[in-house]
Amino acid sequence: LPACRDSQLSIKDLHFHGVPVRIYLPREPAASKRKGVIFFHGGCSIFGSIRSYERICRYIAKKSDSVVVSVGYHLAPEHKYPAQTLECLTATVHFLKTAETYGVDPTRIIVCGDSAGATYAASVCQELGSRRDIPKIRAQVLIYPFLQALNFNLPSHQKNASIAFLSRERTVHFILKYLNKDCSLKEPILAGSHVPESMNLKYRKWINPDLIPEVFRVGYKPPLLTSFLPQVHEAVQELFEPWFSPLLAEDAVVCGLPDTCIVTCEHDVLRDDGLLYKKRLEDNNVRVTWHNVENGFH
């Protein structure tokens, strides 16, 4: 939907240092400065837009009486990774610095996103956690986030492998499209042949089916061992960067993250990414609120 008149909101299309944003400001005067919400839309980084999330952002602004900034990062593959993360970061820093211009308390700003947008929210919070020159982000809201590309054989991947819209196979297909890689790499990545044993051992403490609560492991079967393929590993180096897989960030980064709300869906291949990140945050003394939508789909 285009930005159009709303009796309760003033809606403006702007640019924050070249990044398109749409800002939703409640019309009713506030007794004090409002909360701020920076929203990153989903769409596997290759779909979605400010326009397609118009109703959602209006709803958030009205229900929470907040100023909402919807970020229109440029899509892949025309705009190559990590352009999307960098644009989300640029827009966030700009809003943190100029929040009072929009009647927002800079100490009460959260970042929020769904799917790939939640990946950007997680990455932005990790990147800004140690910054002292700007206000700290108050909280992050991660709605069925994608957080790691090492293991596509977790219980939720098996359980929801053929689920509607975002199957296990389509997840890796979209990742390769996003990175502008050869889609013939899909099968070895699904099998785990892109990860050397040394890396599997290093990250087993964070990405491991045994770390997922037993109730979510019913029917899970450990996958067959596969051979490591160095040529596949070399072709997809981006998958191992914390900007792409926030679950791989070191504890020194994770312990500096703000209060977190994670939403997972039972019928979603990405459910276990959220569960693993929840555990990591809690292990690093970050306060987490978690809600699993039992009948929910990605």
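**Tyr-144 and the structure around it**

Tyr-144 sits in the loop that runs between strand E6 and helix H4 (155–159). Helices (H or I, at least four residues) and strands (E, at least two residues) are DSSP runs, numbered from the N terminus. The model is predicted: local features need pLDDT of at least 70, side-chain atom pairs count only at pLDDT 80 or more, and totals for chains, interfaces and linings use all residues. Residues are numbered from 1 along each chain as its sequence is written, and side-chain values use heavy atoms, with hydrogens and water left out.

Is Tyr-144 buried or exposed? Tyr-144 is buried, with a relative accessible area of 18%. Buried stands for under 20% relative accessible area, exposed for over 50%, and partly exposed for values in between, with a 1.4 Å probe and protein chains only. Not counting residues up to four places away in sequence, Tyr-144 touches Asp-114, Ser-115, Val-263, Cys-265, Asp-268, Leu-270, Phe-297 and His-298. Contact here means heavy atoms within 4.5 Å. The C-alpha atom of Tyr-144 is separated by 9.3 Å from that of Asp-272, although the two residues are 128 residues apart along the chain.

Strand E5 (residues 104–114) runs parallel to E6 and is joined to E6 by five bridges. Strands count as paired if DSSP finds at least two bridges between them. Within this pair, Leu-142 in E6 stands opposite Gly-113. Between the two strands the chain passes through H3, and this β-α-β crossover from E5 to E6 is right-handed. The term means that, with the strands pointing away from the viewer, the path from the first strand over the helix to the second runs clockwise. E6 also pairs in the parallel sense with strand E7 (residues 259–267), over five bridges. There Cys-261 in E7 stands opposite Val-141.

The next topic is the division of the chain. The domain assignment gives domain 1 (9–148 + 243–297) and domain 2 (155–240); such bounds come from an automatic or database domain assignment. The C-alpha centres of the two domains lie 25 Å apart. Their contact takes 34 residues from domain 1 and 29 residues from domain 2. A UniProt record, an unreviewed entry, places the feature "domain: Alpha/beta hydrolase fold-3" at residues 37–189 and 237–298. UniProt positions are given in the numbering used here, feature names are shortened, and annotations may be inferred rather than shown by experiment. Over residues 37–189 the chain is 39% helix and 17% strand, with 35 Å between the end C-alpha atoms. For residues 237–298 the figures are 27% helix and 31% strand, and the end C-alpha atoms are 26 Å apart.

Which residues touch the most other members of the largest nonpolar core? In this core of 78 residues they are Phe-40, Phe-95, Ile-189, Phe-244 and Tyr-277. Helix H3 (residues 116–128) gives the largest share of this core, eight residues. At least three residues of this core come from each of domain 1 and domain 2. A nonpolar core is a set of buried Ala, Val, Leu, Ile, Met, Phe, Trp, Tyr and Cys residues joined through side-chain atoms within 4.5 Å. Leaving out residues up to four places away in sequence, Phe-244 touches Tyr-81, Thr-119, Phe-146, Ala-149, Ile-175, Tyr-178, Leu-179, Glu-238 and Leu-239. There is also a second, separate core of eleven residues, including Ile-11, Val-37, Cys-57 and Val-141.

His-41 is placed in the loop between strand E3 (34–40) and helix H1 (54–64). His-41 is buried, at a relative accessible area of 1%.

Some backbone details remain. The peptide bond from Ala-76 to Pro-77 is cis, with omega near 0 degrees, and Tyr-81 and Pro-82 are also joined by a cis peptide bond, with omega about 5 degrees. Pro-77 is found in the loop between strand E4 (66–71) and helix H2 (83–98), and Pro-82 lies in the loop between E4 and H2. His-17, in the loop between strands E1 (9–16) and E2 (19–26), has a positive phi of about 50 degrees although it is not a glycine. His-17 is exposed, with a relative accessible area of 64%.
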